[in-house]
Amino acid sequence: MIGFPRTAVRTRPPASLVLPAAVAALIALAPIWYLADRSLSRGWSEVVDELWRDRTAQLVWRSVLLTAVVTVLCVLIGVTAAWLVERSDLPGRRLLRVAFTLPLAIPSYLSAFAWISWDRELAGFTGAVLVLTLVSFPYVMLPAAAALRHLDPALDDVARSLGRTRWRVAVGLTVRQIRPSIAAGALLVALYVLSDFGAVAAMRYEAFTWVIYGAYRAGFNPARAAILATVLVALALVLVLAEARARGRATTARVGAGTARPHTPVPLGRATPLAWLFSAAVLLPALVFPLWRIGVWLTSYASTDVDLADVGASLRSTLTYAALAAVAATLLAFPVGVLAARHKGPVPAALERSTYVAHALPGIVVAISLVFVGVKLLRPVYLEWPLLVLGYVVLFLPLAVGSVRASVEQSSPRMEEVARSLGSGPMRVLRRVTGPLALPGIGAGAAMVLLATMKELPVTLVLHPTGTDTLATQLWKYTAVSDYANAGPYALALVAFAAVPTALLGIRQRAAHHATPVLSDE
Amino acid sequence: MRTHTLRRTVAIVAVSGLTLVAAACGDDESSSTTEAPGTSGAAPDSTAAASGSITVYSGRSEELVMPLLEQFTAATGIEVEFRGGDSGELAAQLLTEGDASPADVFFSQDAGALGAVENAGLFTALPSELLEIVPAAYESDAGMWVGTSGRVRVLVVNPELVPDAPTTIDELLDPQWKGKIGFAPTNASWQAFVTGLRVLRGDDGAREWLEGFAANEPVAYEKNGAVRDAVNAGEVALGLVNHYYLYELIAAEGQDAVVAVNQFMAAGDPGGLVNVAGVGVLASSDNQAAALALVEFLLSEEGQTYFANNTYEYPLREGVSPQADLPALADLAPPALDLTELDSLAETQEMLAEVGLLTL
């Protein structure tokens, strides 16, 4: 039997999911508490004055334009790349899948610096679009690829038997089916572009984050920064709602006995060189170029006094914090993701969306918010590792939530219904059925959080425990004084070690596919 | 069944929600033990010999000032916990922390960030014997912070291309410099200069100059160092930078490799702004004796000589000379400006954006 089953039902969501999801949402909303407190510290009239400026509107427009262009490009590149590595017969596509994932390992500030130090003329809109697209298209590629892999080819066969051409099947049916995954990836890209400062600063494209950083760095006015940041929260809300709309009602779960038949690769035929050309056109600037630039720094600034023990110590703290953040974010994301995938209604939707809102805030705003929360509620751990990890969770929770939700959505709720009908309680179902179903998503989400945390700078800089350095803070320390000889090894270590979870992200999706439980396993 | 579920629910909440809190409590002990030496070492507000450890929030780069802080530790036995960051962002952190701040000292790259912390009432007044070391123009009127080193805006000039260098900013508007001036539009010192220009000439006067400057098609670079390198290489004829960039290049490449020279501005010209890096002691500090000892050390001959020789900035203590060929600070006659007036950078950036000099 083939069809679109219901994956979410309007039943009362169990408290065992709602309560932990509410904890996650509360943590994610911590910055909003700070923003409200700070913004209103000088009264409403100040808020209105600040927001009612021509320049505010103008900068919002510039940010929205950048976000729109980068998101569209990421969708085009990400979906094409996903289709090539999952559905085509392109030789070497497994290796390509990993290669298409690897740009995630390169921090945007590093990529931007690589480009701008190579050609100053790139500055401006073009450069900002270039860098942000190249570092963030994998956010679309990964979920799109996962969704493509899960589609039942039987549907394509039906469409083709009804007289559709392969091309029309690819564009019409396939893309429509994976629309929720594309929308989820596009949302992450859009929120990321809105919040980015490193790339737009290096490229001198004045986006909205400029005025927020300017309020801190040049205006010495955190209240103004807080007021302006609420605009980003509003934009994030709009995007989150738009994504829910774009996600549509299409669902990707299959039902039916047995495992989905593996896909027969679509022969590219004469289009093969074109596919190669596309891959090269993406990977050369996204991966090869920044790596080549780091290599140039390393060799042309040959240094004698780089302390490898220091690099090792920074690497250790980077990996420790990143691992803690990945575990904490995944634990918190699990109930939110399952709830969003399995239950319709205002409460699950509100809880899930709450976790996304802070993702549009620039790192420095999240950092100062955590300072606020830290001195108010968590004084004992202020400037200790638990607060830093909490900061990472606030920043990167959506990465894990999206992954968990997608993988649960792709499995049929019938399995859980069967388990319930056989007498299992809700917790048992969660542990024995939903958990394993979500496993690929949990793994992918954890890897993405790990990766994002390793590269993170602003929150790390403000909240790190005194006396510990991470790769990102060391890199910042040396590039701030243009000491590329010392910066080189840290940049290399950061990219090299970020490449490990990234590559796993590319590889493990394949394995995860085979591990997905299906009804016949029961 | 029902109670069973409830118990499980509680368990899940406890696991996902309270793990962090539990971890937090665990870490609490270690944090208080590491802080203990600092808090117990010296009586607050006493004049007894300072000891223990202090936490310094520093907008000045660790690379530049850490060697000096190590000298301080060697001389006094006071340990320094260093937290680096952008001066303005650290000021925001201090403002948010309020009385709860673990910081004892704020060492800022910029007078504006010090002013923000002063206005929030977070500094404690410095003793007059420390304030007297530095000319009054380079410290807070209320004595809440004191400048530790000065930097002067200059023109860096390639003498092969510019035999007769301008000495006022208005000469830079001459069409002969079209496309030949380098500047770093996002640099804080350049923006401080423009703020000074707005204070000295009013917003209309400043806008007029900026529009003329923009019409002369200056070449934008990422950083001051890049401007200097471009001038030295003859890519542009002259550049607007701080005075010490030239000396950094000479130190790195040797005098023979450097063609460029510094041109100081005429007396009173807005282009010759002098800005300072400075330091203040937090009122909430629980080791003020040690914090003051650091301020004293930064203003001591040893500290001031370090700035002169290692960062090529102007020492502010009388009797300590700058790099050999720098004119004396007293002879520079910078524009008459109160550094605390340089706090309207938001408006400066707005103006720069409007005349097309900030962004693309």
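This is a predicted model: local features need pLDDT of at least 70, side-chain atom pairs count only at pLDDT 80 or more; totals for chains, interfaces and linings use all residues.
Within chain A, helix α14 (residues 222-247) meets helix α17 (residues 346-357), their axes coming within 9 Å and crossing at roughly 135 degrees. That angle makes α14(A) oblique to α17(A), and the crossing is right-handed. On the α14(A) side the contact is made by A:V233, A:A236, A:L237 and A:V240, while α17(A) brings A:R353, A:Y356 and A:V357. Sorted by class, six of these residues are nonpolar, one is charged and none is polar.

Helix α3(B) contributes B:S87, B:G88, B:A91, B:L94 and B:L95 to the contact, and α4(B) contributes B:A113, B:A116 and B:V117. In this contact six residues are nonpolar and two are polar, with no charged residue.

Turning to the two chains together, the contact takes 52 residues from chain A and 54 residues from chain B. On the side of chain A that touches chain B, at least two residues come from each of α1 (15-28), α13 (208-217), α16 (308-342), α18 (363-377), α19 (385-409), α21 (426-455), α22 (458-463) and α23 (471-480). The residues on this side of chain A divide into 35 nonpolar, nine polar and eight charged.

Key:
Residues are numbered from 1 along each chain as its sequence is written. Chains are lettered from A and ligands numbered from 1 in the order in which they are written. Axes are lines fitted to C-alpha atoms, for helices over the stretch in contact, and angles run from 0 to 180 degrees between N-to-C directions. Helices (H or I, at least four residues) and strands (E, at least two) are DSSP runs, numbered from the N terminus. Angles under 35 degrees count as roughly parallel, over 145 as roughly antiparallel, 65 to 115 as roughly perpendicular and the rest as oblique. A crossing is left-handed if the near helix is turned anticlockwise from the far one by less than a right angle, and right-handed if clockwise. Two residues are in contact if their C-beta atoms, placed from the backbone, lie within 7 Å. Ala, Val, Leu, Ile, Met, Phe, Trp, Tyr, Cys and Pro count as nonpolar, Asp, Glu, Lys and Arg as charged, and the others, Gly among them, as polar.
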